[in-house]
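Please look through the structure shown below, together with its sequence. The paragraphs that follow lead from one local feature to the next.

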Amino acid sequence: MQQKFMKYDVIIVGAGIGGLYCAKHLPKNLNVLILHKEKIWECNTFYAQGGISFPKDDGDKHTHIQDSLNAGGGHNNFEALKLLTHEAFEILRELILDGFKIDKDEQNNILYTQEGGHSLARIIHSGGDATGRELHMHCLKHLSHVSFFRNMSVADLLIQEGQCYGVRAGNGSEILEIYAHNVVIASGGLGGLYARHTNAKGIDADLHGIILEHNLTLADMEMLQFHPSVYVTPKEDKKILISEAVRGEGGIIVNDRGERFLFDYDQRGELAPRDIVSRAIFEHARKNHSKIYLDLKNFTQKKFEARFPNIYRSLKDCGLDIPHQKVPIFPAFHYAMGGIEVGLDGKVSGMKNLYALGECAKTGVHGANRLASNSLLEGMVFGKIVAQDILKNTFNTPEKVFSKMSMILQKSCDEKLKIQLQNIMWNKAGIIRDKAGLSEGLKDVQSILQKDIGRMFYLNLLSAQEIFQQALRREESLGAHFRID
């Protein structure tokens, strides 16, 4: 039987804000396909509780850049930060013109809030703590002309001589070769590698592994952010994140004696950047054998439920009396600052028609530690930039058919071995690191790589191996990469 030939103008891998905003800025006459692993809403964007950081005026652009540099340990790409803040005004204007609902006060002024690492209130929200969900649904309303394939795992990129001809993707039973003139990777981060994380289901660093196989560059993979305020009691790997905004608006962190200890580590206390707060919690809990809590006593029940309806509902469902009962918290993996190396146009280094954006990409915006609420803005800014570059270059891949391949995406042993990998990552490449632990973790990962495993788990292991190798090479502490040897 003749193989069905599918070709698109643009394939986008991932249905988070980066991929959707890119698709939104491509003209409707282009044939665009979005591939995603799970249900359409199963992505980090949909679960994002925090807001979107926007500089409030021209003067605040410089302050926003400086706050991002301070949080990122000065490891940021300054040109990328300038691009982010410069384009932010146009992004906000677009959202307002498109009817995106932004939370406002009784006088119809935009409500700006403050989060850790920001020197002033510049973060907008939609639906209280449902900004990501509202933004995701807002974008989908504009994409009725776009094709979506769900439950599709990308197992390889069809690359030859600096050109990407498409992807190999499958749903477990069949592998398809899908061709395109341009391919955009917007697959998210790598939370599934960790035993404790806040990421959506299916965020497993598959595409990072594929990039390595094709001798393309991953950069700053050791720069991994752990969110400090996560309700950790549920048994699932994915934990209940409690937005930075809760601390920004009155939530305090205490030990089991009710003491606010964060000021012993940083004068900003609860409003210090995430890496500092996470390490402070980790070190204080270990040194004092103490449990750590988020105390919400500064909120009334009515105020908390109105401002953070989804967090309120999630914690109530776990049996917590909010805001009267302290919430047990501990850090969990949250965000990857590094990833696929790209230029300011979003193009993957060394490629003619392959792009990466959002959390899977290393633009340099976040440096060594992402400033709270910069991620949704980055996804929109670079999603639009990538769409514009695709239209500007009008690159067309010549006709080329890759031979159909048989791949076993998952094997029976993968699930058990993945739990082993997640524990290795949490214990050896976690919040605080040392050479001995990193070296041991690398050997453990390389040992699993020798086993008879499925394709997708193999790609995860390649990414994990790269994290250990880059973390070992950076011997000094910087931002979220903190070493004690």
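H289 is placed in the loop between α8 and β14, where helices (H or I, at least four residues) and strands (E, at least two) are DSSP runs, numbered from the N terminus. Its phi is near 50°, a positive value in a residue other than glycine. At 71% relative accessibility, H289 counts as exposed; the term means over 50% relative accessible area, buried means under 20%, and partly exposed lies in between, with a 1.4 Å probe and protein chains only. The model is predicted: local features need pLDDT of at least 70, side-chain atom pairs count only at pLDDT 80 or more, and totals for chains, interfaces and linings use all residues. Residues are numbered from 1 along each chain as its sequence is written, and side-chain values use heavy atoms, with hydrogens and water left out.

H289 follows helix α8, which comprises residues 274–288. The expected span of a helix is 1.5 Å times one less than its number of residues. Buried residues in α8 include R274, D275, V277, I281 and F282. The elements against which the buried residues of α8 pack are β10 (224–227), α7 (244–248), β13, β14 and β16 (332–336); contact here means heavy atoms within 4.5 Å.

Two of these partners, β13 and β14, belong to an open sheet of three strands in the order β13-β14-β15, with antiparallel pairing. β13 and β15 (327–328) are the edge strands, each pairing on one side only. Two strands pair if DSSP finds at least two bridges between them. Between β13 (residues 252–255) and β14 (residues 292–295) there are four bridges in the antiparallel sense, and I252 stands opposite D295 in β14. β14 and β15 are joined by two bridges, also antiparallel, with L294 opposite V327 in β15. Which residues cover the two faces of β13? I252 and V254 lie on one side, I253 and N255 on the other, and all of them are buried.

The loop between α10 (309–317) and β15 contains P323. The peptide bond that leads from I322 to P323 is cis, with omega near 10°.

Elsewhere, helix α6 (residues 206–213) packs with helix α14 (residues 455–473) at an angle of about 75°, and their axes are 7 Å apart. Axes are lines fitted to C-alpha atoms, for helices over the stretch in contact, and angles run from 0 to 180 degrees between N-to-C directions. Angles under 35 degrees count as roughly parallel, over 145 as roughly antiparallel, 65 to 115 as roughly perpendicular and the rest as oblique; α6 and α14 are therefore roughly perpendicular to each other. Among the residues that meet are I210 and L212 in α6 and Y458 and L459 in α14.

The loop between α6 and β9 (218–219) holds N215. Phi of N215 is positive, near 60°, in a residue other than glycine. N215 counts as exposed because its relative accessibility is 70%.

With a relative accessible area of 2%, T85 is buried. Not counting residues up to four places away in sequence, T85 touches P55, K61, H64 and I65.
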